[in-house]
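Have the 3D view open as you read.

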Amino acid sequence: MKCAELEKFIFEYLENKLAHSVKEEFEAHILNCLNCRKYIDETIKCITLFRQLREIPCPEEVDKKIKYHLD
Amino acid sequence: MNLETKTHNTGQFEEIYESCKKRIYNYFYRMTGDREEAKDLTQEVFLKVYKGLDTFHGRSDIVTWIYKIAINTYKNFLRNKKKQYESFGDNYEEEIAIVDKDILPLKHAEVKELEGCMQKFLNDLPDTYRMPLILYELQGLRIKDIAAIMNLSERNVKIRLIRARKKLREILCTQCYFFNPSNPCNCNGDGWQAK
């Protein structure tokens, strides 16, 4: 696998959905290519950071307004 | 609508509302970055859901149907407002939490700041990337459901997610202090600012 091909598989790789043989090739490449390894590590770190945005509760005010319209 | 139908619909609606209100509110909150707008939009969606329940015949998943209503409501909102971006509210600190403490342990104050940065980042993304990013990364929807909601192919959803992640990486790698402490943070406590 070449560096340029990595992009094509990165989504499935991060979702752990790559076919076994492709995954092996992918991992062999990032093991030997510092730039690609760095790219993958950074992407994982970014997604992790982004996912720290958590859900917040829906305000009660919305419940009240909905109820008012239903009654 | 006769009384019997109305009573039946109300019961069904209440169940749907209780199970979906939080995710729809959060979807709008992340899309607009504004709590008041998110409240109004959430209310508007569920009133449409209530009125439209008779027309829903179960050909798609009900959550998908509600998200489609949410997306159309948001498009109308943008059309009426005629501007895409909104500033981020500043009364969010009490509701911030860390999800993945082991990987990137951040202090409360840092998470508060990060929240502001991330929302700024979201505000600056085009809707075409922001929608799938929120639905996938924050709301946990499957690619095929996002494709149905957005009327796109699964391939197209993936492409948008890849590009959104790439953009996220570009910004965080070069400008975010939390990502790399050697980055000069230019948030000034007010979230990420485009250079």
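Below is a short tour, starting with the place where the chains touch.

## Where the two chains meet

Keep in mind that this is a predicted model. Chain B puts 48 residues in contact with 30 residues of chain A. The size of an interface is often given as the accessible area lost when the parts come together. Between chain B and chain A, about 4200 Å² is buried, and carbon and sulfur atoms give 67% of that.

There's charge at work here too: the rule finds 7 salt bridges across the interface of chain B and chain A. Take Glu12(A) and Lys158(B), whose side chains meet in a salt bridge at 2.6 Å, N to O.

## Chain B's side of things

Which parts of chain B touch chain A? Helices H1 (3-32), H2 (35-52), H4 (108-124), H5 (127-138) and H7 of chain B each supply at least two residues. H1(B) gives the most, with 11 residues. By type, chain B's side splits into 27 nonpolar, 5 polar and 16 charged residues.

## Two helices crossing

Now stay within chain B. The axes of H6(B) (residues 143-150) and H7(B) (residues 154-175) come within 8 Å and cross at roughly 100 degrees. Angles of 65 to 115 degrees count as roughly perpendicular, so that is how H6(B) and H7(B) lie to each other.

On the H6(B) side, the contact is made by Ile143(B), Lys144(B), Ile146(B), Ala147(B) and Met150(B). H7(B) brings Glu154(B), Val157(B), Lys158(B), Arg160(B) and Leu161(B). Sorted by type, the residues of this contact are 6 nonpolar, no polar and 4 charged.

How values were computed: Residues numbered from 1 in each chain as written. Chains lettered and ligands numbered in written order. Predicted model: local features only at pLDDT ≥ 70, side-chain atom pairs only at ≥ 80, totals over all residues. Heavy atoms only, no water. Axes fitted to C-alpha atoms, helices over the stretch in contact; angles between N-to-C directions. Helix = DSSP H or I, 4+ residues; strand = E, 2+ residues; numbered from the N terminus. Parallel < 35°, antiparallel > 145°, perpendicular 65-115°, else oblique. Contact = heavy atoms within 4.5 Å. Nonpolar A, V, L, I, M, F, W, Y, C, P; charged D, E, K, R; others polar. Buried area = accessible area lost by both parts, 1.4 Å probe. Salt bridge = Lys/Arg side-chain N within 4 Å of Asp/Glu carboxyl O.
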